[in-house]
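Please work through the following exercises on helix packing and sheet architecture, using the sequence and coordinates shown below.

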Amino acid sequence: MEPFNTHTGLVAPLDRVNVDTDQMVPKQFLKALTREGFGRILFYDWRYLPGEMPNPEFVLNYPRYKGASVLLARANFGCGSSREHAPWGVKDYGFRVIIAPSYADIFYNNCFKNGILPATLSEEQVEELFQRTEKEEGYSLSVDLPSQTISDEHGLRYKFEIVPSRKEVLLKGLDDIGTSLQHAAAIDAYEKAHAATATMYDPVDVKYYSNGR
Amino acid sequence: MTPKTLYEKIWDSHVVHEEPGKPALIYIDRHLIHEGTSPQAFAGLKAEGRKVRRPDLTFAVMDHSVPTTDRTLPIIDNDAKLQFDALEKNCRESGVRLFDMHSRHQGIVHIIGPELGITQPGQTLVCGDSHTSTHGAFGTLAFGIGTSEVEHVLATQCMVQSRSKTLHILVHGKRPKGVTAKDIILAIIGKIGIGGGNGHVAEYGGEAIRSLSMDGRMTVCNMSIEGGARAGMVAPDDTTFAYLEGRPFVPRGKAFQEAVARWKQLRTDDGAQFDMTVELQAEKIAPQVTWGTNPGMVTSVTARVPDPHDFKDLNDQKATESALKYMDLKPGTPIVDIPVDRVFIGSCTNSRLDDLRAAAHLVAGKHVAKNIKQALIVPGSRGIKSQAEKEGLDKIFTAAGFEWRDAGCSMCIGMNADVLPPHERSASTSNRNFEGRQGKDSRTHLVSPVMAAAAAIAGHFVDVRSLDVSSVE
């Protein structure tokens, strides 16, 4: 995974609470076999009119937010479905950072698997950033993960909280599976110790589980 | 010894490795997969040259995109077909059991887990689907995961996780007739909000929860995620053990008795502390109907569509305004005056036998209203379908003008052909009323199965308490 250290970029504001992952990647795009190409369809139903014409009323289609890489959002961002297609879309669109007052658990977790930093600020701080973004065309923010700060060119400087282990995952671009497999011996030991109660009862009547018409 | 919650007991018994200041490695007893969120996980595994560690603890099923019509016909949706083929190939290569769309055990992943007894108390269970919380009804720690985590579990049979906070949801008293498990959970979400349970694992208790059947408890736990809680649980009791006994993957004979003895320990100790507690009175809960674009935008059937100015918070006002615009509803409209175009009884929330029996009882001898364009009954599994047919429920439904379909996720998510057309309004027993969820520009009202059945007959929402609801479990 691509490590995350610092990032500076144009901010795009998505002024809606409870943005769910169905909006980020609608169901018709869940039939893919790969993780690629979800940027084009991110926020599909909001972003496009019939015939995939860009909807001029949707904020990401405003010319001033073209090329944005910091997504400013409201509370409970990423609620609903566990689909990782949502963060794949966010990343592929070009966002490296999301800033919001809170996130839904599964989406938040999925961001870390994809090198996206979901930074959490207070409602008031987020509101201030919305106002600054609205006011100043080309408003951009610098995000520094090592020092856990978000700052702009006018002296604004916010500190954000992040669990140290999550921070490390992003900074080093760690592969979770590789790390976990270092504990293979502990997994073996756990399985051995619990074998008696973990027996899988394999029933005779579903032995031919597949095509068992 | 410090008193522990049910969640803490299951957590503690599954820690494989733990270091201070870091998330723990916890063991996963059962891993369920489906065609929608697994292909990239298998591809990732293959790219790294890794293998499925415990194919024997992994179960696959086709559910999200399967047709609910004749399955002997070719699959015309090519993208769906490619996913089915990929799942079949991945399962064959790795030795994972697959209930494909022709298996007599096929059904929605969260329906067949419990139905086949794959889901058992005290286990950890994960699936790449947010409604995995359903399995918590058995006193199982079950939660939805992303595809990268699916890959992680395939490779290691473990998850990297931090301890969650705990949320106790107590529903006291007795449910009035006509008020179902669905109404209870919608009322809970209405109270705590859709992000209210974020960061928490919920445990449900109180008389109104204890008196629910397993089908009802699954409905409640299913929608935990709609209140933000990644997992929701009910401590197992005699209702749980009676449900499990004799199911295919459940231990039998002496082994079953030993398992029950273990399962009986799975309860929150007296004096154990929760991080947050929410209490409701069942007597005060009326049948619920959602009016907006998330499950927290819900009210009683006797109420009216709210006005954005009813809300204090500016963000809530904006959200309500935008939801009413999307739903094409005017503030102040009585809920019972909202007409319905289509009715969907199905999904991992409400497609079990209790649901179908109660709905069938209500429509028996009646017919769907003229303005209803389609009324679908989609059993959660082929097992449920076959039992319902034995009981003659299919005949009751079809005589009343409903379509009787094959098992799958169907119109809850609209990944197959069962899509709610633009601007049409559904009474749906599913779990999400997000914009476009059932179909682009479609309008979803979440209700219980009896409320959906009653709306089909009347053509608009009605308070089922005024009807014969003696069949409600």
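The exercises below concern a predicted model.

**Exercise 1.** Determine how helix H12 (residues 353–363) of chain B and helix H15 (residues 449–458) of chain B are arranged.

*Solution.* Step 1: the two axes come within 8 Å and cross at roughly 30°. Step 2: angles under 35 degrees count as roughly parallel, and H12(B) and H15(B) are therefore roughly parallel to each other. Step 3: the crossing of H12(B) and H15(B) is right-handed. Step 4: H12(B) contributes Asp355(B), Ala358(B), Ala359(B), Leu362(B) and Val363(B) to the contact, and the residues they meet in H15(B) include Pro449(B), Val450(B) and Ile457(B). By class, this contact has 11 nonpolar, no polar and one charged residues.

**Exercise 2.** Identify the buried residues of helix H13 (residues 382–390) of chain B and the helices they pack against.

*Solution.* Step 1: Arg382(B), Gly383(B), Ile384(B), Lys385(B) and Ala388(B) are buried. Step 2: these buried residues pack against helix H4 (109–115), H12 and helix H14 (393–399) of chain B. Step 3: just after H13(B), Gly392(B) takes a positive phi of about 80°.

**Exercise 3.** Describe the open sheet of three strands in chain B and the helix that lies across S1, S2 and S8.

*Solution.* Step 1: the strand order is S1-S2-S8 (chain B), with antiparallel pairing. Step 2: strand S1 (15–17) and strand S8 (158–161) of chain B each have a single partner strand, so one side of each lacks a neighbour in the sheet. The twist averages 40° from one strand to the next. Step 3: strand S2 (residues 24–27) of chain B and S8(B) pair over four bridges, and Tyr27(B) stands opposite Cys158(B). Step 4: helix H8 (residues 184–193) of chain A lies across S1, S2 and S8 of chain B, at about 150° to S1(B).

Notes:
Residues are numbered from 1 along each chain as its sequence is written. Chains are lettered from A and ligands numbered from 1 in the order in which they are written. This is a predicted model: local features need pLDDT of at least 70, side-chain atom pairs count only at pLDDT 80 or more; totals for chains, interfaces and linings use all residues. Axes are lines fitted to C-alpha atoms, for helices over the stretch in contact, and angles run from 0 to 180 degrees between N-to-C directions. Helices (H or I, at least four residues) and strands (E, at least two) are DSSP runs, numbered from the N terminus. Angles under 35 degrees count as roughly parallel, over 145 as roughly antiparallel, 65 to 115 as roughly perpendicular and the rest as oblique. A crossing is left-handed if the near helix is turned anticlockwise from the far one by less than a right angle, and right-handed if clockwise. Two residues are in contact if their C-beta atoms, placed from the backbone, lie within 7 Å. Ala, Val, Leu, Ile, Met, Phe, Trp, Tyr, Cys and Pro count as nonpolar, Asp, Glu, Lys and Arg as charged, and the others, Gly among them, as polar. A residue is buried if 20 or more other C-beta atoms lie within 10 Å of its own, exposed if 12 or fewer, and partly exposed in between; C-beta atoms are placed from the backbone. Two strands pair if DSSP finds at least two bridges between them.
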